[in-house]
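Me: I'd like a close look at one pair of packed helices here, please. Then tell me what else surrounds that picture.

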Amino acid sequence: METVIAVEDLKKTYRPKGRKGVEVKALDGISFEFSRGEFFGLLGPNGAGKTTTIGILTTRVIPSGGAAKIEGVDVARDPVAVKRRIGVVPQVNNLDRSLTAKEILLFHAEYFGVPRHEREQQADDLLKRFELSDRADEKVNGFSGGMVQRLKIARALMHNPAILFLDEPTTGLDPQSRRMMWELLMELNQKGLTILLTTHYMEEADQLCGRAAIIDHGKLLALDSPAQLKRSVPGGYLVELQVRSDVPQPFVSALQSLPGVVDVKTENNRVRVYADHAEGLLASAMRAAADQDVMITDAHVAEPSLENLFLHLTGRSLRE
Amino acid sequence: MPLWQIILLTMTAFIALLHRDLRVARRELVSFLLRVALNPLMFTFIFGFVMPRMGIIQRGYTDMLLPGILGLSMTLSSMQAVSLPLVIDFGWSKEIEDRLLAPISIAGVGIEKIIVGVVQAIIAGAVVMPLAWLLMRVHLDLSWISAVHFVLVALLSSWLFAAFGMVMGTIVPPQQISLLFTLLLAPMIFFGCAYYPWATLHVIPWFQYAVLVNPLVYANEGFRLALTPGMPHMSMPAIYAALIGFSALFTWLGLRKFEARALD
């Protein structure tokens, strides 16, 4: 596969403006690559270095060390050539408040030299697809969070970029708008658009990204598909059993001796079995219950969340 | 990519940015005209029309006033056209990032902002000049050499103050924008030789030399050179040297600050 983004040992240190204050190491040497057509996620808590990474890749932030290349072009050396290749959906609402929704799209395409007829067509298509047609001739002041977000994505797509960058696109959206956003992004990726997205929502990376890099304190902690990442958590799978009576001790011992089981916890008439993998675990647990004449009334298998993964990698929870 | 193609793409982005700013300016034309024209016209009406008729001010004063009024209108409107949007953009709206995504260098976006300031100054001049002349009926020099001076001085002064506006717009935090007007703009206007020719300041020598740090002096003296060359004015080389020197200084400083604010 053709590499479209190559980040190598990227560093960014923010120096304080006055004499007082401390240096902040926003990025402490991160490296990753990804290929055309990928949906790539940067996952981490606020302040992990996600926005700085996207800032460097979109030429807004100058790196203190290392290099980042987009389609082989160094972002620090030739920012204008990079700008021609990328579409950017920043975290803040930077929509042009002096223009209407449609004008925002048209002028953006004009900056990129898209011919008039083509940009008119493209703007109409995108407004329709993003359900903004009936507000096309309004200024954006009264737009809802979801509409602002959709218009920002439409703007980024107006000049047909090779890569789309999105910085926390669903932060602050209601669940319905978030789901709509997810569907939209998946559709774009399925049509071949390469996407890099930052998020601090575990399920978002899980839903959307083919691969995700977990970063914290400016360092890359892990990089793999969400499924593989989940598998790396010891005892990350959970089988939860509801028992009719109290949980007998021999049943607990039997569960503990099953292959892959890391820990078993009981609470009234509920048993939680933590294991490294889930294959066959539920069946074995049910067999053990039958052997011990324990009546199971409900069973539930939970995959490890990326949240658990984060806890496992960093020793702290994601939303700290 | 070949060089000519890069130049073409950069020019395309530049013209599109200009197109956007002029579209927005055109939409706000009425408030823009009121902003640039009302103050100088009221001033002209009182000092150039009412008071000479009362005999409080000598009739000849209007000849000294007209170039200054024009200089003030043009320089202040180009300065405001650049500085106010920048203060708001960098201060809180962050809207500038929308323009910074355009495929053009940051300095390119900055120069485009300066040009927009120059265009607005020309519009302001084109409105104020005939109205002020109608009120004061100053005898203007209409020789071709004066016309050349007029065009050069108008362009240089507008550019100078658009660049100065960029410096102000990038260093003044939004909370202190009103301070900018009281602490900087007011003394600049009153000590800017708009209401009196620089040469007449010889009566207070220390003041005459102190005002030379004020770039507005050269814009107003330049308009005196172009419009009323018969009246006292600063020497032509001094005017052009100062206008070009200050323009270069503020353009360099403004673009540097603009880049520093645009990038992290």
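Reply: **H9 and H10 of chain B**

In chain B, helix H9 (residues 215-227) packs against helix H10 (residues 236-262) at an angle of about 135°, and their axes are 9 Å apart. This is a predicted model, in which local features need pLDDT of at least 70 and side-chain atom pairs count only at pLDDT 80 or more, while totals for chains, interfaces and linings use all residues. Residues are numbered from 1 along each chain as its sequence is written, and chains are lettered from A and ligands numbered from 1 in the order in which they are written. Helices here are DSSP runs (H or I, at least four residues), numbered from the N terminus. Axes are lines fitted to C-alpha atoms over the stretch in contact, and angles run from 0 to 180 degrees between N-to-C directions.

H9(B) and H10(B) are therefore oblique to each other; angles under 35 degrees count as roughly parallel, over 145 as roughly antiparallel, 65 to 115 as roughly perpendicular and the rest as oblique. The crossing of H9(B) with H10(B) is left-handed, that is, the near helix is turned anticlockwise from the far one by less than a right angle (clockwise would be right-handed).

From H9(B), Pro215(B), Tyr218(B), Ala219(B), Glu221(B), Gly222(B) and Leu225(B) meet Met236(B), Ile239(B), Ala242(B), Leu243(B) and Phe246(B) of H10(B). By class, this contact has 9 nonpolar, 1 polar and 1 charged residues. Ala, Val, Leu, Ile, Met, Phe, Trp, Tyr, Cys and Pro count as nonpolar, Asp, Glu, Lys and Arg as charged, and the others, Gly among them, as polar.

Now for a residue that touches this pair. Leaving aside neighbours within four places in sequence, Leu160(B) is in contact (C-beta atoms, placed from the backbone, within 7 Å) with Pro215(B), Ala219(B), Leu243(B), Phe246(B), Ser247(B) and Phe250(B). Leu160(B) is also among the residues with the most contacts inside the largest nonpolar core, of 139 residues, along with Phe165(A), Ile114(B), Ala162(B) and Ala163(B). Such a core is a set of buried Ala, Val, Leu, Ile, Met, Phe, Trp, Tyr and Cys residues joined through C-beta atoms within 7 Å; buried takes 20 or more other C-beta atoms within 10 Å, exposed 12 or fewer, partly exposed in between.

For a second pair, helix H2 (residues 29-54) and helix H5 (residues 106-136) of chain B pack at about 20°, with axes 10 Å apart. H2(B) and H5(B) are therefore roughly parallel, and H2(B) passes H5(B) in a right-handed crossing.

Note on methods: Helix = DSSP H or I, 4+ residues; strand = E, 2+ residues; numbered from the N terminus. Contact = placed C-beta atoms within 7 Å.
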